[in-house]
Amino acid sequence: MKIHEYQAKELLAAEGAAVPPGKVVKSVEEALAAFDSFGGSAVVLKAQVHAGGRGKGTFIGSGADFGGVKYLTSREKVGSVAKTMLAFPLQTKQTGPEGQKVSTLLVQKAADIAKEYYLGMVLDRASGLPVMMASSEGGVDIEEVAAHSPEKILKEPVSPELGLAPFQARKLAFELGFKGDQVTQAEGIMRALSKVFLAKDCSIAEINPLVVTKEGCVEALDAKMVFDENALFRHPEIAELRDETEEDPAELRAARSGLSFVRMDGSIGCLVNGAGLAMSTMDIIKYHGGEPANFLDVGGGASKDQVTEAFRILLSDSRVKAVLVNIFGGIMKCDTIAQAILAAFKEVGFHVPLVVRLEGTNVEAGRNLLADSGLDIVTASGMADAAQKVVDAARKKN
Ligand code: ADP
Ligand code: MG
């Protein structure tokens with residue numbers, strides 16, 4: 001689960017990290033009042049959306065020459081820019097072509113930046129530990145730095161029990177080139193980042209950029225956090241920060257029914273039980289020249305209602321040209337799936353071809369139910385046969 005920049009900064013500030021003063025607003029009037037409250041000094045207006053790359057984004061259809069982060073010095077400009085930001089969808093390289101509606105702005109006191117740095121924490125699968133990453137190449141895409149000059153990214157493994165040790169923070173601060181008092185300030189922000197990351201079960205937490213101002217202060221100007229969904233039950237205060245308007249409606253709907261669903265870009269809808277089988281189903285669809293429209297794991301013991309809801313979600317996607325049901329019945333019974341297919345047929349109607357491969361518990365009963373229904377269902381034997389049939393069906397439908 002992602003949260004907004006202003007929320008991430010509040011979590012960091014609560015652990016002692018320095019962030020520039022800011023006000024969260026939802027209207028032009030509030031934006032103007034926030035500008036006034038900073039005594040009319042320069043501010044940065046920042047669109048609050050979960051997607052990154054806001055600074056380089058565009059407001060679709062507005063004709064404006066700014067993105068989701070704009071430095072402003074006059075009251076008039078604050079008014080007109082806030083109006084545009086709240087009226088047009090913001091497109092960044094992370095939003096997709098339709099962009100994202102902006103309903104909240106952060107009016108932040110502008111920092112006089114001397115230098116930008118990157119500071120982040122992720123789970124490093126290779127070492128099985130959280131790792132703090134830092135780079136003096138901040139502000140820009142850290143992925144670019146990682147791809148072209150990985151030696152510019154410093155890394156410190158962090159103990160999940162003890163957190164970032166003081167000597168580790170000092171080492172990073174020295175290696176980044178901080179001097180004098182800035183070393184202590186940078187260490188404070190690193191400790192805050194490590195504390196939030198570990199205490200709140202983050203999977204990613206980033207400060208990009210971390211800056212040194214011309215006055216010599218070290219501050220977190222931007223922050224992004226992603227939380228482990230499976231640990232959210234331990235953090236009701238984090239779960240409350242969820243902004244459903246930022247999430248994919250189909251994924252939200254699936255999550256409410258306890259289904260693991262991830263939207264992809266292809267045309268073949270997949271309904272599978274078990275994450276491993278779901279992954280291999282996507283692989284074999286690609287192997288046969290198709291593109292999956294989604295990952296969907298209905299789980300080991302899904303009910304008829306859950307499976308029917310899964311069909312509704314798949315069939316409501318206009319890009320889906322064919323559906324493949326691939327079930328290996330262990331705990332899940334094949335006749336339950338067959339009943340759900342028949343229920344979905346009755347309720348939503350299938351406007352695209354359906355290919356079904358069933359194996360395992362009660363497979364005969366399941367197959368008989370489908371055969372006796374008289375419905376237009378393509379049955380398949382084995383994964384390869386199923387993939388071939390569904391790819392052909394999707395192609396014909398195009
Ligand atoms: P994003 O990463 O989504 O583009 P950022 O918050 O990182 O958004 O802003 C992009 C750039 O805008 C930063 O790298 C920084 O140069 C500038 N910026 C952001 N906030 C401020 C601020 N409060 N004062 C001055 N410049 C800022
Ligand atoms: Mg940023």
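How many nonpolar, polar and charged residues does the shell around ligand 1 have? The shell has 7 nonpolar, 4 polar and 6 charged residues, where Ala, Val, Leu, Ile, Met, Phe, Trp, Tyr, Cys and Pro count as nonpolar, Asp, Glu, Lys and Arg as charged, and the others, Gly among them, as polar. The model is predicted, so that local features need pLDDT of at least 70 and side-chain atom pairs pLDDT 80 or more, while totals for chains, interfaces and linings use all residues. Residues are numbered from 1 along each chain, chains are lettered from A and ligands numbered from 1 as written, and side-chain values use heavy atoms without hydrogens or water.

Among the 17 residues around ligand 1 (a heavy atom within 4 Å), K46, R54, G55, A111 and E116 come nearest. An N or O atom in the side chain of E116 is 2.4 Å from a ligand oxygen, a polar contact being a pair of N or O atoms within 3.5 Å. Backbone polar atoms also take part: that of N208 is 3.1 Å from a ligand oxygen, and that of K109 is 3.3 Å from a ligand nitrogen. Taken alone, ligand 1 exposes 540 Å², of which the protein buries 83% (Shrake-Rupley method, 1.4 Å probe).

Elsewhere, the structure holds 1 cavity of 30 Å³ or more, meaning a set of points on a 1 Å grid over the protein atoms alone where a 1.4 Å probe fits but cannot get out. The largest cavity has a volume of about 40 Å³, taken as the space filled by probe spheres set on the points. Its lining residues (an atom within 4 Å of a point) include F261, R263, I313 and L314.

Terms used
Polar contact = N/O pair within 3.5 Å; in protein donor to acceptor, adjacent residues only side chain to side chain. 1 Å grid on protein atoms, 1.4 Å probe; cavity = no way out; pocket = protein on both sides within 12 Å on 5 of 7 lines; lining within 4 Å.
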